[in-house]
Amino acid sequence: MQLRFGGMTMSPPQARTPHPARMTAIGAPLSATASVAVLGVLVWRAHGGPLHWDEPGREALVTLLGATPLLAAWAGLGDVRLLALVCAAFTLVAMPARRLRQATILWGAAAASLASSLILKALIDRPRPPGAFEAGASFPSTHSAMAAAVWLTLAMAASARSTRLRVAIMAAALAAAVLSALAGVALGRHWPSDAAAGLALGVVVACLAARRMRGLGARA
């Protein structure tokens with residue numbers, strides 16, 4: 001609708017529609033943070049015991065993936081040593097391309113996911129599932145958190161011009177993180193809620209790293 005004042009035509013201000021990418025950039029870390037918080041409270045209220053869906057979820061994954069020959073390899077996608085090698089390899093590639101700031105952000109994502117998961121482990125101190133060979137607290141899964149943080153941050157650092165290629169790289173990174181989390185549950189190392197919280201924590205770290213990388217692009 002247009003209004004006329006003194007011979008001038010004026011239009012009322014139009015409401016701006018939020019850009020989908022901006023909504024995703026805000027919504028993803030908030031949703032992931034809320035997921036970690038809710039799961040942490042539920043586990044704390046359960047005094048470290050399994051949630052009502054942990055036992056059936058674990059049994060289903062053991063049945064579905066227990067005989068998979070690649071299960072140990074999938075779990076290795078979240079291994080701290082492998083992820084450190086990935087960060088080191090990216091740093092070597094980034095040096096001649098003058099992308100050391102991106103490499104620093106990748107190392108920061110790995111360190112932040114490791115530190116935050118260890119802090120939560122110390123606060124909640126949830127026991128491992130029965131029969132687990134690993135020692136230490138179980139919630140959240142550090143392997144899942146680091147896998148999500150490192151693989152997703154690495155995918156965001158990939159300079160692919162094609163939109164389809166960028167989507168494929170991001171899908172592969174997400175698949176690596178999810179497979180690592182599922183394998184950890186199927187191998188009896190974690191409850192499903194441990195893996196879910198670890199993935200959500202890694203997504204939070206990756207989103208913060210992506211924001212830093214966008215800041216580098218804006219200053220370039």
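A residue is called buried when its relative accessible area is under 20%, exposed when this value is over 50%, and partly exposed in between, as calculated with a 1.4 Å probe and with protein chains only. The model is predicted, and for this reason local features were required to have a pLDDT of at least 70 and side-chain atom pairs were counted only at pLDDT 80 or more, whereas totals for chains, interfaces and linings use all residues. Residues are numbered from 1 along each chain as its sequence is written, and side-chain values use heavy atoms, with hydrogens and water left out.

The protein has eight helices and two strands, where helices (H or I, at least four residues) and strands (E, at least two) are DSSP runs that are numbered from the N terminus. Read from the N terminus on, the order of these elements is β-β-α-α-α-α-α-α-α-α. Of the 220 residues in the protein, 39% are buried. The accessible surface, computed by the Shrake-Rupley method with a 1.4 Å probe and with only the protein chains shown counting as cover for residues, comes to about 12,900 Å², and 68% of it belongs to carbon and sulfur atoms. With contact taken to mean heavy atoms within 4.5 Å, 72% of the contacts between residues at least 6 apart in sequence join residues at least 24 apart.

In soluble globular proteins, nonpolar side chains tend to be buried together. A nonpolar core is defined here as a set of buried Ala, Val, Leu, Ile, Met, Phe, Trp, Tyr and Cys residues joined through side-chain atoms within 4.5 Å. The largest such core in the model contains 36 residues, of which Phe90, Val150 and Trp151 touch the most other members. At least two residues of this core are supplied by each of the helices H2 (54-65), H3 (71-76), H4 (80-94), H5 (100-124), H6 (142-157), H7 (163-186) and H8 (192-219), and the largest share, nine residues, comes from H6.

Helix H4 has 15 residues and reaches 21 Å from its first C-alpha to its last, close to the 21 Å expected at 1.5 Å a residue, the expected span being 1.5 Å times one less than the number of residues. Its buried residues are Leu83, Val86, Cys87, Phe90, Thr91 and Ala94. They cover an arc of only 135 degrees around the axis, which puts them on the same side of H4; the arc is that of the directions from the helix axis to the C-beta atoms. These buried residues of H4 pack against H5 and H6, while the face turned away from the buried side carries the exposed residues Arg81, Leu85, Leu92 and Val93. Leaving aside neighbours within four places in sequence, Leu83 is in contact with Leu77, Gly78, Met146, Ala147, Val150 and Trp151. Leu83 and Met146 are 63 residues apart in sequence, yet their C-alpha atoms are 7.8 Å apart in space. Phe90, with residues up to four places away in sequence not counted, touches Arg99, Gln102, Ala103, Leu106, Leu154 and Ala157.

In helix H2, the buried residues are Asp54, Arg58, Leu61 and Leu65. They cover an arc of only 65 degrees around the axis, which puts them on the same side of H2, and on the other side Glu59, Thr63 and Leu64 are exposed.

Ser117 is placed in helix H5 and is buried, with a relative accessible area of 0%. A polar atom of the Ser117 side chain lies 3.1 Å from the backbone oxygen of Ser113. When residues up to four places away in sequence are not counted, Ser117 touches Pro140, Thr142, Ala145 and Leu201.

Pro140 itself lies in the loop between H5 and H6, and the peptide bond from Phe139 to Pro140 is cis, with omega near -10 degrees. Asp125 is also placed in the loop between H5 and H6 and has a positive phi of about 55 degrees although it is not a glycine; at 54% relative accessibility, Asp125 counts as exposed. His47, in the loop between helix H1 (20-45) and H2, likewise has a positive phi of about 55 degrees without being a glycine, and His47 counts as exposed at 74% relative accessibility.

How values were computed
A polar contact is a pair of N or O atoms within 3.5 Å; within protein, one must be able to donate a hydrogen and the other to accept it, and residues adjacent in sequence count only if both atoms are side-chain atoms.
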